[in-house]
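Subject: Handover of a structure

Dear colleague,

Please find below the sequence and structure that I am handing over to you. A summary of what was found follows.

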Amino acid sequence: MSQKELYTRISSLNGEVCVPGDKSISHRAVMFGSIAQGKTKVHHFLPGEDCLSTISCFKQMGVSIKRQDDYVEIEGNGFSGLIEPTEVLDVGNSGTTTRLMLGILAGVPFHTSLIGDESIAKRPMGRVTVPLQSMGAKIDGRESGQFTPLSIRGGALRSIRYESPVASAQVKSSILLAGLNAEGTTSVTEPHKSRDHTERMLGAFGVQVHVEDKTVSIAGGQSLKGTEIYVPGDISSAAFFLVAGAIVPDSCITLRNVGLNPTRTGIIDVLRQMNATVEIKNERVVNGEPVGDLIVQTSDLKGIEIGGDLIPRLIDEIPIIALLATQANGKTVIKDAEELKVKETNRIDTVASELKKLGANIITTDDGMIIEGKVTLTGATVDSHGDHRIGMMLAIAACIATSRTLLERADAINVSYPTFFTDLESLLN
Ligand SMILES: O=C(O)C1=C[C@@H](OP(=O)(O)O)[C@@H](O)[C@H](O)C1
Ligand SMILES: C=C(OP(=O)(O)O)C(=O)O
């Protein structure tokens, strides 16, 4: 278990960071390249542990995937190029790998077993295994296929019209990927729109996807054609520096080449509503995904209410938003965010318990939390609980803490941002 002494009492953060590739887009590029016909080249791929789990699973199914310096090359041979793995596939800590891959495996005629780490074993898989079973996939696992370890035997599928009880891009993507191998048209309707990288990237691989409000449909029998993907910087990683720039005194940080897909930009809306100065420059579109540079400065913040449609647009940013709220004047209420309970940790509990150790004033609720600011944070020994986003949030909290802060299980950060501390260090003056 790794313990790390964090930077504390930082007087200012200044400079530029080019954040690593988007995790959601990197996973999809490898998966879609693996089921496409021909070569796919993925630039600015995120070499985080989660995306490396996706690569190793598809390699075990016979796909040739080569990692070069900053790109990954995949030789796909369609769905029929996948072969039955001889060993159990290890999804590590990655919910995205597990759920999206199940959608692909539902349509291939062989047997696969999946296992992950302690955290994955607690995450609900029934949200994908139940609809995939109703399409015809044979899935079993712990507690009747609700949790890993899971085993799946795919084959001929029938299409479904699925009304998802949760706004989840993983559920939506899993069913749409199964839909590629189903007879007829498969559709998924969500209560709120979730991130739409699957829809956009399938388009880049030559697949027709129909989107109407909160319903996405796909006709079965379509094939993917290998392509070249440029992965934008991950706004969920940039979020840690956006908040750092707003709360550390005398700071100005530029984040280059950040993905600005409107289903992901809730963090910018929140920062602006809280009075932070965030500028967007050099906006452009790459592979159907909007991209730009972000500039953030130290700001005088005020508390706000966050809920409803905004939640799926910033779900992974709630830990760092909670820290932001401790530095805003007045009350911040985060509601409608019960999905936080089924992430790498129960993020309502881990955010509150760890920030309280530093002196924050937070009350947990059934669907979120209430935070009173502004408070001075003091140093303590804190714990990531093995959750990358909790670890990075605490590292930014330490920057404004008044004394020594130690982080237990700091290596969890490698899941999504292996160069996080190098980038943070580059901004110290
Ligand atoms: O589809 C994706 O790439 C993701 C979707 C979200 O999960 P849910 O689909 O469970 O909301 C998000 O929290 C996760 O980090 C990545
Ligand atoms: C929830 C996350 O990822 P996943 O669901 O892929 O484990 C995350 O990265 O915050």
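The domain bounds used in this message come from an automatic or database domain assignment. This is a predicted model, in which local features need pLDDT of at least 70 and side-chain atom pairs count only at pLDDT 80 or more, while totals for chains, interfaces and linings use all residues. Residues are numbered from 1 along each chain as its sequence is written, and chains are lettered from A and ligands numbered from 1 in the order in which they are written.

Domains

The protein chain is assigned domain 1 (3–21 + 232–426) and domain 2 (23–230). Their C-alpha centres lie 28 Å apart. Across the boundary, 24 residues of domain 1 are in contact with 27 residues of domain 2; contact requires C-beta atoms, placed from the backbone, within 7 Å. On the side of domain 1 that touches domain 2 there are 8 nonpolar, 10 polar and 6 charged residues. In this classification Ala, Val, Leu, Ile, Met, Phe, Trp, Tyr, Cys and Pro are nonpolar, Asp, Glu, Lys and Arg are charged, and the others, Gly among them, are polar.

Ligands

A residue belongs to the surroundings of a ligand if its C-beta atom, placed from the backbone, lies within 6 Å of it. Around ligand 1 the residues include Ser 24, Ser 168, Arg 195, Asp 316 and Glu 339. By class, this shell has 2 nonpolar, 6 polar and 3 charged residues. Helix 6 gives the most to the shell around ligand 1, with 3 residues; helices (H or I, at least four residues) and strands (E, at least two) are DSSP runs, numbered from the N terminus. Because domain 1 and domain 2 both give residues to the shell around ligand 1, ligand 1 lies between them.

The residues surrounding ligand 2 include Lys 23, Asp 50, Lys 343, Glu 344 and Arg 389. Its shell has no nonpolar, 4 polar and 6 charged residues. Each of domain 1 and domain 2 supplies at least three residues to the shell around ligand 2.

An open sheet is formed by 4 strands in the order 11-13-15-14, with mixed pairing; strands pair if DSSP finds at least two bridges between them. Its edge strands, each pairing on one side only, are strand 11 (161–163) and strand 14 (209–212). Strand 13 (residues 185–189) and strand 15 (residues 215–219) are antiparallel and share 5 bridges, with Thr 186 opposite Ile 218.

Elsewhere, strand 23 (residues 328–334) runs parallel to strand 21 (residues 301–302), joined by 2 bridges. Strand 23 also pairs with strand 25 (residues 368–373) in the antiparallel sense over 5 bridges. Within strand 23, Val 333 has Ile 370 of strand 25 as its bridge partner and stands opposite Glu 305.

Backbone details

The bond from Thr 148 to Pro 149 is cis, with omega near -5 degrees, and Pro 149 is found in strand 9 (residues 147–153). The bond from Gly 373 to Lys 374 is also cis, with omega near 5 degrees.

Asp 250, although not a glycine, has a positive phi of about 50 degrees. Asp 250 is exposed, with 12 other C-beta atoms within 10 Å; a residue is exposed at 12 or fewer such atoms, buried at 20 or more, and partly exposed in between, with C-beta atoms placed from the backbone.

Yours sincerely

Note on methods
Two residues are in contact if their C-beta atoms, placed from the backbone, lie within 7 Å.
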